[in-house]
Structures are given as structure tokens and as C-alpha cells.
Amino acid sequence: MAAIGNPMIRMASHAKKGQIVEVRSLIMNPMTTGLSKNKAGKLIPAHFIQTVTVTFNSKPLCNVDWSTAISANPYLAFKMRAVESGTLEMTWKDNTDGVWSSKAAITVA
Amino acid sequence: MEQMKRRKFLGVSAVGMAAVAGSGVLVPAIANAANVAGWPAAAFDAKKLDEAMKDSIDATSVKTSAKVRLTAPTIAENGAAVPVTVDVDHPMTADDYIESVYLYVDHNPTPLASAFHFTPDSGHAYFQERIKMAKTDMVRAVARTNKGVMMSSKPQEIKVTIGGCGG
């Protein structure tokens, strides 16, 4: 089976106060729909990430609900206004009880 | 240098995709398939665009606004990974901000692709992700402010050469 998990976050490590920074992320997940079949003609069960939640210094920043229409090994980019130094944490959850999280720190001056 | 890093970063995803495609007989062992708490199953399970919109935003048509910008290729060679960027030109203050952005693919088996929820701390209602498309189709994004004002992007047609849902 293909690799799964291994979340990654890329974000600037330093920013000026008030600057809007982009956060890019990637995680390994098959994101199967449950509609397609394997070579033996059997349906491949749906297996996909359903929610991604993002917090900054433990305060909710944004979150996204995903369907099976998101590509395998989903990439996600979004933005954040840099107000204070701290840690961004992302948590991905899939429909098979899989949970992964990753953190990235930023220094705001 | 920054560009180099970015390429390397994106490259990992491409390699991963190839691995999934190459493995062919991919049968994930599902120990316990259950929806994540809070995931809006009704809206995501809806099979028709009208139903999906009704279940997610309680409306079936939304006025288009130039403020909601959807950026995607006009021709996507691979329907399995179509990059889509949505950004909304709207203030993000505590009183007035974009609360949610919904992305729809009109004729996908389940049209609602994603539902993004922002806070004023986001600074800019923006996201980029990659979606699967079964065939050439229209893609649209609908944004809703914290006051319930809705606006839609212009529906954009993306031509798909190879569908992304094949078995």
C-alpha cells in the first residue's frame, strides 16, 4: 500500500507584524472515492481525508471539510495574518480514524 | 532558492501520485470506516448540484460577483489533479469577514468538492487545492460572509482530457 500520512507544512519562519503569509501543506492519503474498481473488479472502499483543522497558538484559524473530489496526496495552501510569534498546528482526519498533525513556528517582529 | 524548495516540495506530491497509480491493485484495509465528527455528510453525499448547494448554503442560485476569483487551467490534461485557487476580495475584520467558501464541480458524482471556513485572523480568504474532475465541466466557488451575504464566482469551464475517476 502506498505511503500514508507524513504531513508537511511550509511557511515563512519570519514575518513582519501585520503581513499576510501563505501556508502550504501536503499529506499522503489515497483519497479513494469508493466508486472506482480495482483490477479484480471489486470496488475500492472510500478512504479519504474529511477534515483539516488549523490553529495558531491553539486558537482556531481556519478549517476545511473535504469530499472525495480532492486529489490523492492532498495539497492545501491558505493564508494567515501574522500578528504574533507562535506555532501553527494542522490536524488532518480521515474516514478510517486516521489522525495526523504537524506544526510550524513563525517569529513575528 | 525559494523556488527550488517549492519545486522539491511539490515534487513529493507528484511522486506520491505516481506510486498510487502504479500500485494498480490498491485495496486499502479499512479497519473502521466512519465519518469524522462534524463533517457535513448530507451536503457531500448529494448527487446533484442543486441538492448539494441547498444542503450546504441553503440556496440553489447565487449572484455572481467579480470579488470571488476562481483561478484554474482552462484545459486540464489530468482530471485526477486539477489545481484550483480561490480568493475573495473582501475585508477580513472581526465585524465583516468571509466565513466560508464552497467549491462545486457541477457534474461530479458528488458536486460539492470542499467547504473552507475562515476566521478574521486568516487575513485573506484564499485557498489552493487540487481536485478531481470526471470530465469537462463547470467549476464554481460560492463565498458567504459572517452576515450571510453570498456571492459566487463566475462559473469556469475546465476541459478535461483524461477523467480523474477512472477505475
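**View 1. Strand β3 of chain B and its burial in the predicted model.** In this predicted model, strand β3 of chain B spans residues 82-88 and is mostly covered, five of its seven residues being buried.

**View 2. The strands paired with β3(B).** Strand β1 of chain B, residues 68-71, pairs with β3(B) in the antiparallel sense over four bridges, and Val68(B) has Val88(B) as its bridge partner in β3(B). Strand β6 of chain B, residues 125-131, also runs antiparallel to β3(B) and is joined to that strand by seven bridges; here the bridge partner of Val88(B) is Ala125(B).

**View 3. Val101(B) in the largest nonpolar core.** The largest nonpolar core holds 64 residues, of which Val101(B), Tyr102(B) and Ala141(B) touch the most other members. The largest share of this core, six residues, is contributed by strand β4 of chain B, residues 98-105. When neighbours within four places in sequence are left aside, Val101(B) is in contact with Val86(B), Val88(B), Phe116(B), Ala125(B), Ala141(B) and Ala143(B).

View 4. Ala115(B) lies in strand β5 of chain B, which covers residues 112-118. Because 22 other C-beta atoms lie within 10 Å, Ala115(B) is buried, the cut-off for that class being 20 or more. Although Ala115(B) and Val101(B) are 14 residues apart along the chain, their C-alpha atoms are separated by 5.9 Å. Apart from neighbours within four places in sequence, the contacts of Ala115(B) are Val64(A) and Asp65(A) in chain A, together with Pro40(B), Ser56(B), Ser100(B) and Tyr102(B) in chain B.

Definitions and conventions
Residues numbered from 1 in each chain as written. Chains lettered and ligands numbered in written order. Predicted model: local features only at pLDDT ≥ 70, side-chain atom pairs only at ≥ 80, totals over all residues. Buried ≥ 20, exposed ≤ 12 C-beta atoms within 10 Å, placed from the backbone. Helix = DSSP H or I, 4+ residues; strand = E, 2+ residues; numbered from the N terminus. Pairing = 2+ DSSP bridges. Core = buried A, V, L, I, M, F, W, Y, C linked by C-beta atoms within 7 Å. Contact = placed C-beta atoms within 7 Å.
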